[in-house]
Amino acid sequence: MARLYVESDRYGEAPDNLLLETVRNAVTDLVRRRLAQSGGDWSQFVFGESDRLIDAADFQSIERQILASGYRFAWSAVISAKERPEIYRDTGDMGGSVGFSFEHPEATVVPVDRNGRAQCGVGDNVVSRTGNLIGVAKYVRTTEQVIQFMRGGVPANTIAIIDDSGGTLTAPILQHLAGIVCAGGTVRSHLGILAREYGIPCLMNARIQSIYDGDHIELESSAIAKTADAYQRGEEMTARIWKLQR
């Protein structure tokens, strides 16, 4: 079954709890039935027979239940939407075009300062570094873009702006990026973990406005990294993002 994403906007709003409960109940019921059929104990089932007793047809049945309710999946990687467009939401303009930008309603925007920088948002810093990062913004939101970069190379100083915190889409080119701005997730998301391991400055859960392809931007990668405790307390601990006036 395709990766399930309950309804949410691309900036990480809370998922639909009713749908989560429906899916959880369907999967739990399936496991219970198959466990009873196996005649064994729990550990034997989980570590031995479950991969044979639960198959693709079972999950396709659950998927049909979800679709019958009128729900359509949101995308985690664009390839899913292209392979099965009938069950995925319209993703709209995928970026990379002239005049496209994320426009988060809660972005922190500050006019141009004396250094020629206009703050156009904030994000959660994955790792605190000794200095800030300056680079060129590029929306990376389709598999076609990734393939083009794989064939022709990623331009120097590219700061990728993406909205898939799973890291699947950008994995083939990740190590060639100068920096990352992700509109979703947390510092513990898959993408955040990969960026930390590759040593790439990265801001997650970014709330930005008016950044376009080709803009020179500066990430406050020197800001303190957001902690797990801060997430639990609901404490803001953000790094700034500026657009440089050139």
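I began with helix H6, and found that the cover over its buried residues includes strand E3 (158–162), strand E4 (179–182) and strand E5 (202–208), where cover is counted by contact, that is, heavy atoms within 4.5 Å. Helices (H or I, at least four residues) and strands (E, at least two) are taken as DSSP runs and numbered from the N terminus.

I noted that this is a predicted model, in which local features need pLDDT of at least 70 and side-chain atom pairs count only at pLDDT 80 or more, while totals for chains, interfaces and linings use all residues. Residues are numbered from 1 along each chain as its sequence is written, and side-chain values use heavy atoms, with hydrogens and water left out.

Back in H6, which spans residues 190–198, I listed Leu191, Gly192 and Ala195 as buried, buried meaning under 20% relative accessible area with a 1.4 Å probe and protein chains only. These residues lie on the same side of H6, because they cover an arc of only 100° around the axis, the arc being that of the directions from the helix axis to the C-beta atoms. After H6 I came to glycine 199, whose phi is positive, near 75°.

Next I traced the sheet: seven strands close into a barrel in the order E1-E5-E4-E3-E2-E6-E7, with mixed pairing, where two strands pair if DSSP finds at least two bridges between them. The twist averages 40° from one strand to the next, taken between axes that are lines fitted to C-alpha atoms, with angles running from 0 to 180 degrees between N-to-C directions.

I then turned to glycine 123 in strand E1 (residues 117–125), which is buried, with a relative accessible area of 0%. Beyond its neighbours within four places in sequence, glycine 123 is in contact with Leu203, Met204, Asn205, Ala206, Thr238, Ala239 and Ile241. I also looked up methionine 237, 114 residues from glycine 123 along the chain, and the two C-alpha atoms are separated by 8.5 Å.

For the chain as a whole, I recorded seven helices and seven strands, running α-α-α-α-β-β-α-β-β-α-β-β-α-β from the N terminus on. Of its 246 residues, 44% count as buried, and among contacts with a separation of 6 or more, 62% come from residues 24 or more positions apart.

Conventions
Buried < 20%, exposed > 50% of the residue type's maximum accessible area, 1.4 Å probe, protein only.
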